[in-house]
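This report describes a predicted model.

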Amino acid sequence: MFEIEHADNGDVLCRGRLDAAQCEKAQGFMDGLEGANTLDFAGLEYISSAGLGILLKTQKRLAGSSAGLRIINVNNHIHDVFRYSGFHTIFDIKAKE
Amino acid sequence: MNRDFPRHLDSLAPLYDFTEDILEASDISPGVRFPVHLAMEELFVNMVKYNPDVHSDIVVSVTVIDTDTVTVVLVDDGGVEFDVTAERKVNIDAPLAERTPGGLGIHLIQNLADKLEYRYKDGRGEVIFTKGSGNEDV
């Protein structure tokens, strides 16, 4: 299961498992984002390369307008996936405390 | 334990449940579970994506070798040869403008595996991914 929605504070809340079967849902939401956005991964348990592709595609689109994604509350497993993928150099990432 | 899964993305949820039930029953640590699930998905999706005209099920097995080492095997009967152990160039230091989506799945598996094997003969591909707690990194 994967859920994505706006929180009251404007952040984008992601929950569950972002696997290849959930990409259409995630991409559809991400395509509606404009400007600077914060993705809150506190409830996201898992991400695969398919999910990484959506983040990358969105970051590239937003970079065209000098904005981008900030990702917060990243669990240690996903954080290491980001590190292996070199995402820590192209995203502003904050680990879960 | 073996199970056959239909060759489409709708199989990912039952594939996760099948794997998680086995890992849960053996009390496998989260540091092993995460890469096992990741490898399972990446390998399965690869077999689906690169064989659009093949309709046979993909046979998956999960084995807990000892207290905290897991081996997963995926058998793809009728698919094209795709050596997941072959070296692939992925520049993880490239700036955003030079990045393109794709290619990270195999890169991640190769980095997360303790051991990764691939065999292909007579149209039958077999991938064996092994992960133990002695090399936890995610």
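## Helix pair in chain B

Helix α1 (residues 12–25) of chain B and α2(B) have axes that come within 11 Å and cross at roughly 150°. The crossing in which α1(B) passes α2(B) is right-handed. On the α1(B) side, the residues involved are L12(B), L15(B), Y16(B), T19(B) and L23(B); they meet R33(B), V36(B), H37(B), M40(B), E41(B) and F44(B) of α2(B). By class, the residues of this contact are seven nonpolar, two polar and two charged.

Helix α2 of chain B covers residues 30–49, 20 residues in all. From first C-alpha to last, α2(B) reaches 28 Å, close to the 28 Å expected at 1.5 Å a residue. Of the 20 residues of α2(B), 16 are buried, so the helix is largely enclosed by the rest of the structure.

## Nonpolar core

The largest nonpolar core has 57 residues. Those that touch the most other members are A39(B), L43(B), F44(B), V72(B), L74(B) and I109(B). The element that gives the most to this core is α2(B), with 11 residues.

Apart from residues up to four places away in sequence, V72(B) touches V36(B), A39(B), M40(B), V62(B) and F129(B). One of these, A39(B), is also listed among the core residues that touch the most other members. Two others, V36(B) and M40(B), belong to the α2(B) side of the contact with α1(B).

## Contact between chains A and B

In the contact between the chains, 22 residues of chain A meet 22 residues of chain B. On the side of chain A that touches chain B, the elements giving two or more residues are α2 (49–63) and α3 (76–85) of chain A. Of the elements, α2(A) gives the most, with nine residues. This side of chain A divides into 10 nonpolar, eight polar and four charged residues.

## D19 of chain A

D19(A) lies in the loop between β2 (12–18) and α1 (23–30) of chain A. Is this residue, D19(A), buried or exposed? D19(A) counts as buried because it has 26 C-beta neighbours inside 10 Å, where 20 or more are required.

Beyond its neighbours within four places in sequence, D19(A) is in contact with Y46(A), S48(A) and A50(A) in chain A, and with L12(B) and E41(B) in chain B, among others none being listed. Y46(A) is 27 residues from D19(A) in sequence, with 7.6 Å between their C-alpha atoms. The chain B partners L12(B) and E41(B) also take part in the contact of α1(B) with α2(B).

Technical notes: Residues are numbered from 1 along each chain as its sequence is written. Chains are lettered from A and ligands numbered from 1 in the order in which they are written. This is a predicted model: local features need pLDDT of at least 70, side-chain atom pairs count only at pLDDT 80 or more; totals for chains, interfaces and linings use all residues. Helices (H or I, at least four residues) and strands (E, at least two) are DSSP runs, numbered from the N terminus. The expected span of a helix is 1.5 Å times one less than its number of residues. A residue is buried if 20 or more other C-beta atoms lie within 10 Å of its own, exposed if 12 or fewer, and partly exposed in between; C-beta atoms are placed from the backbone. Axes are lines fitted to C-alpha atoms, for helices over the stretch in contact, and angles run from 0 to 180 degrees between N-to-C directions. A crossing is left-handed if the near helix is turned anticlockwise from the far one by less than a right angle, and right-handed if clockwise. Two residues are in contact if their C-beta atoms, placed from the backbone, lie within 7 Å. Ala, Val, Leu, Ile, Met, Phe, Trp, Tyr, Cys and Pro count as nonpolar, Asp, Glu, Lys and Arg as charged, and the others, Gly among them, as polar. A nonpolar core is a set of buried Ala, Val, Leu, Ile, Met, Phe, Trp, Tyr and Cys residues joined through C-beta atoms within 7 Å.
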